[in-house]
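We will go from one selection to the next.

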Amino acid sequence: MKLPKATLAAPIAASLLVFGLTSMAMLAENLIPNPDFEKGREKWGLWVAPDSQKMNCQFLLANNAAYSGRNCVQLVSDDFARFSIAANLSNGNDNVIPVEPGDRYRVSAWVRGDTALKVQSGAPGFLIRCEFFSHHKGVRGGLAAYIGLHNKVSIQFPAQGLQALALPGDFPTEWTKVEGVFEVPDTVKELDGMTPPSLFSWYSKGSIFVDDIVFEKVDQTVPLSPLVNEASAKNP
Ligand SMILES: [Ca+2]
């Protein structure tokens, strides 16, 4: 049966609209499972740096002080320690997100410290980190995006230090949103992978509470966060 053009145009336009809306919705999808910890610690794991193994670093669930719902997590250590939690994406891809240079991501979390929390002098206290690497080679490039409590981003190699992300004042004891938008850099050859965000106690001592993690791919219209070290990010 031959349909007149006008009859075909409407369904095509409608399906294009649906496709467009679906694409936009996908761009805003939170990539983190159990981002609000309402399913407890499900899908989340703890990592402790070699120099912090004896500091009783713990990843606990707190249900009396959440930012939203019943639960948040509590990162606690007996001394200045570096440890993190990260989500398991269960994506069958070694917990790596395929990326291309120029892709833009936004990550945010709600964070607060308890009143007894101490941060080692000159340290950031809390950081979010996404590591980049070459998936082809199965090796990490050593390059990562770091987001500090002042909502600035550092894209750098670890050896360059993290002084630029040092805690700018007292650690917040009220719930505070930490957020960064960054671009996947083009400074590592064949860079094509990124880890999901790790949420770090970066040489804090005491308790840090975290809730409501959002990690999403955004389009080029979303402004990048200020970079603290643009020059060194381009010159590893
Ligand atoms: Ca929650």
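Which residue in β12 is the bridge partner of W110? Select W110 and look across: the partner is D211.

**Before going on.** Residues are numbered from 1 along each chain as its sequence is written. This is a predicted model: local features need pLDDT of at least 70, side-chain atom pairs count only at pLDDT 80 or more, and totals for chains, interfaces and linings use all residues.

**Whole chain.** Show the cartoon. The protein chain has 2 helices and 12 strands. Both are DSSP runs numbered from the N terminus: helices are H or I with at least four residues, strands are E with at least two. The order along the sequence is α-β-β-β-β-β-β-β-β-β-β-β-β-α. Of the 236 residues, 36% count as buried. Buried means that 20 or more other C-beta atoms, placed from the backbone, lie within 10 Å of the residue's own. Now consider contacts, meaning C-beta atoms, placed from the backbone, within 7 Å. Among contacts between residues at least 6 apart in sequence, 79% join residues at least 24 apart.

**Strand β5.** Select residues 104–113. Here 7 of the 10 residues are buried, so β5 is largely enclosed by the rest of the structure. R106 stands opposite V181 in β10. Strands count as paired if DSSP finds at least two bridges between them.

**The core.** Select A109, L127, A145, Y146, I147 and V210, the residues with the most contacts inside the largest nonpolar core, which has 58 residues. Such a core is a set of buried Ala, Val, Leu, Ile, Met, Phe, Trp, Tyr and Cys residues joined through C-beta atoms within 7 Å. Elements giving it two or more residues include β3 (72–87), β7 (125–134) and β8 (139–147). The largest share, 10 residues, comes from β3. Now centre on L127. Beyond four places in sequence, L127 is in contact with Y146, I147, G148, L165, F200 and W202.

**Confidence.** Colour by pLDDT, the predictor's confidence in each residue, from 0 to 100. The chain averages 85, and 82% of the residues score at least 70. Confidence is highest in β5, at 98, and lowest in helix α2 (residues 230–233), at a mean of 48. Over residues 231–236 the pLDDT is below 50; this stretch has 10 contacts in the model beyond near neighbours in sequence. Finish at residues 1–8, where pLDDT stays under 50 and the model has 1 contact beyond four places in sequence.

Conventions: Buried ≥ 20, exposed ≤ 12 C-beta atoms within 10 Å, placed from the backbone. Contact = placed C-beta atoms within 7 Å.
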